[in-house]
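Good morning, and thank you for joining.

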Amino acid sequence: MNPGDRVRVQRADQTYEGVLLPSTTSQNLVVKLEGGYNVGIDREDADVDVLESDVYDIEDGDADEESSVEFDPDLPTISLISTGGTIASTVDYRTGAVTAQFDAEDVLRAVPDLAGRANFRGRVVANILSENMTPDVWQDLAEAVREEIEDGADGVVVMHGTDTMQFTASALSFMLDTPVPIVFTGSQRSADRPSSDNVMNAVCAVEAAKADAAEVMVCMHATESDDACALHRGTRVRKNHTSRRDAFETVGAKPLGEVEYASGEASVDFRRDYAERGETDLSLSPDLESEVELLKFTPGMDESALDMAEGKAGLVLEGTGLGHVHSDWADRISELVDSGTTVVMTSQCIEGRVCDRVYDTGRDLLDAGVVEGEDMLPGTAKVKLMWALANGDEPETTVRTPLAGEITDRSVPWE
């Protein structure tokens, strides 16, 4: 049997059918199943029948083989920066595994549809799962983006795991003033799955990075179908589903724009006002106060939960409705504020803005020194408070001042 043969593999009481892939070890078989997944099997434990020979022509490849990306002076230059995550992975047909090796050549091999759309250069800032993201990496990423733009990049695409992408996009929105688009994208499903969204998301993100909106955006599937990607402002986006390809939504407004993909042209259409390319000078304010916490209030929660904010520089509360917690919490919150902790109130409601002037509890919270977070998303409010505490003398004023589209003028139904 040879790589490319269709085989049936029997192991104990399990049977696998699929295409045999090359493997780097003689002790293991790697089979691509009909559903698109790869499975590794210990050769000693397996009985193999060849069902059909040479179904696919699969080359082993040379690990030392070098490739180059030609530069076209007529095309814009897009910097591809990886922090890890599913979209930065490719299927390595020498091993059958999903790997996260990353440079411009790797991306073009993984997504051939990108060829001819721009000149690309690749850069790795981190190779981590997005749940392991930290403010230190946000700062490294912001510095890398600044360097790429200074070196002439016409746009930047950041490849990032989806679970915390909205936090990182918010962080860069506050840390960077940018004259070019900075577009975050990711993949809900890995490259070895037939339903993977990595190709379309990458293509649409590159097209958005070539376009005119010089903002930090998130580019992901607009629907479950492969028809278009939505462009969400980095401070107003939220991941609202664990696994759907269209998991991301703009909260409180329509998306900033859309990249139409179905025709193959990947044309960009903006539907709301945006900062235009070139109208802002590049600048970086990377300082962050890491001692900021986010606490979600739920009925019956003990007041001692606030003890986690003791000695912290900031606390964002995710309250109920218009911005409430149990009325008994007001005195403890006042103590935190008096000790130097900036406390910001947001709402756990998906839409709408905080207003603590309507009910007695809200008025007590204002008297305790709570800062209303307007209609900021709780996660965005945490990131903004981290930035505000490190970059100004009046963080309470900065928190309530719109800086990067994180606060809307007023909360109204948008449909």
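In which crossing, left-handed or right-handed, does α3 pass α7? α3 passes α7 in a right-handed crossing; left-handed would have the near helix turned anticlockwise from the far one by less than a right angle, and right-handed has it turned clockwise.

Please note that this is a predicted model, in which local features need pLDDT of at least 70 and side-chain atom pairs count only at pLDDT 80 or more, while totals for chains, interfaces and linings use all residues. Residues are numbered from 1 along each chain as its sequence is written, and side-chain values use heavy atoms, with hydrogens and water left out.

Helix α3 covers residues 165-175 and helix α7 residues 378-391 (helices are DSSP runs of H or I, at least four residues, and strands runs of E, at least two, numbered from the N terminus). The two pack at an angle of about 35 degrees, their axes 9 Å apart (axes are lines fitted to C-alpha atoms over the stretch in contact, and angles run from 0 to 180 degrees between N-to-C directions).

I turn to the aromatic pairs. The whole structure holds three of them (ring centres of Phe, Tyr and Trp, the last by its six-membered ring, within 6.5 Å; planes under 30 degrees apart are stacked, over 60 edge-to-face, the rest tilted). Phenylalanine 270 and tyrosine 274 form a tilted pair, 4.7 Å centre to centre with 45 degrees between the planes. Phenylalanine 297 and tryptophan 329 are edge-to-face, at 5.1 Å and 90 degrees. Phenylalanine 297 lies in the loop between β20 and β21 and tryptophan 329 in the loop between β21 and α5, so this pair ties together parts 32 residues apart in sequence.
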